[in-house]
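Colleague: I would like to learn how to read a structure like this one. Could you walk me through some features, with the general idea before each case?

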Amino acid sequence: MQWVKEIRKELDGICRYSQQVIAFSFWLSVILFALALLSYRMAFYWDYHQQMLICQTAMEAAPSCFVSGFIAALIGDLMDRSKRKG
């Protein structure tokens with residue numbers, strides 16, 4: 001639990017734009033997970049194979065979307081910090 005608190009403290013110190021990128025990528029991954037769950041539910045009413053393909057694609061894209069947004073935010077914060085120093 002202490003490790004999570006340390007990470008949260010460090011993330012509070014990043015620039016505002018990077019925080020917004022992290023928040024955007026988090027909510028986008030939540031929307032993708034919701035789409036996957038909705039598609040899984042609709043598979044029993046509409047075309048099964050098409051809905052399961054959408055479900056699988058959304059479930060695979062959600063974590064990678066969050067991780068890529070997190071990495072982009074950290075790179076952006078690194079650029080912001082290097083620009084402030086120089």
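Modeller: Happy to. Let us start with accessibility: a residue is buried under 20% relative accessible area, exposed over 50% and partly exposed in between, using a 1.4 Å probe and protein chains only. At 26% relative accessibility, Phe70 therefore counts as partly exposed. Please keep in mind that this is a predicted model, where local features need pLDDT of at least 70, side-chain atom pairs count only at pLDDT 80 or more, and totals for chains, interfaces and linings use all residues. Residues are numbered from 1 along each chain as its sequence is written, and side-chain values use heavy atoms, with hydrogens and water left out.

Colleague: Thanks! Where is Ser39, and is Ser39 buried or exposed?

Modeller: First, the general idea of a helix: helices (H or I, at least four residues) and strands (E, at least two) are DSSP runs, numbered from the N terminus. Ser39 sits in helix α2, which covers residues 16-42. Ser39 has 3% relative accessibility, so Ser39 counts as buried.

Colleague: Which residues does Ser39 touch?

Modeller: Contact means heavy atoms within 4.5 Å. Setting aside residues up to four places away in sequence, Ser39 touches Gln51, Ile54 and Cys55. There is also a polar contact to look for, meaning a pair of N or O atoms within 3.5 Å; within protein, one must be able to donate a hydrogen and the other to accept it, and residues adjacent in sequence count only if both atoms are side-chain atoms. Here the Ser39 side chain reaches the backbone oxygen of Gln51 at 2.5 Å.

Colleague: How do I read the way α2 and α3 are arranged?

Modeller: Axes are lines fitted to C-alpha atoms, for helices over the stretch in contact, and angles run from 0 to 180 degrees between N-to-C directions. The axes of α2 and helix α3 (residues 48-85) come within 8 Å and cross at roughly 175°. That makes α2 roughly antiparallel to α3, since angles under 35 degrees count as roughly parallel, over 145 as roughly antiparallel, 65 to 115 as roughly perpendicular and the rest as oblique. By class, the contact of α2 with α3 has 22 nonpolar, seven polar and one charged residues. For those classes, Ala, Val, Leu, Ile, Met, Phe, Trp, Tyr, Cys and Pro count as nonpolar, Asp, Glu, Lys and Arg as charged, and the others, Gly among them, as polar.

Colleague: How many aromatic pairs does the structure hold?

Modeller: A pair of aromatic rings is described by the distance of the centres and the angle of the planes. Rings of Phe, Tyr and Trp (its six-membered ring) pair if their centres lie within 6.5 Å; planes under 30 degrees apart count as stacked, over 60 as edge-to-face and the rest as tilted. The structure holds three such pairs. In one of them, the ring centres of Phe26 and Trp27 are 5.1 Å apart and the planes are at 70°, so the pair is edge-to-face. Phe66 and Phe70 form a tilted pair, with 6.1 Å centre to centre and 40° between the planes. Ring pairs link Phe26, Trp27, Phe66 and Phe70 into a cluster.

Colleague: Why are Phe66 and Phe70 separated by about one helical turn?

Modeller: Because they are four residues apart in helix α3. Phe66 is partly exposed, at 28% relative accessible area.

Colleague: Which residues is Ser29 in contact with?

Modeller: Leaving aside neighbours within four places in sequence, Ser29 is in contact with Ala62 and Phe66. Ser29 belongs to helix α2 and counts as buried at 6% relative accessibility.
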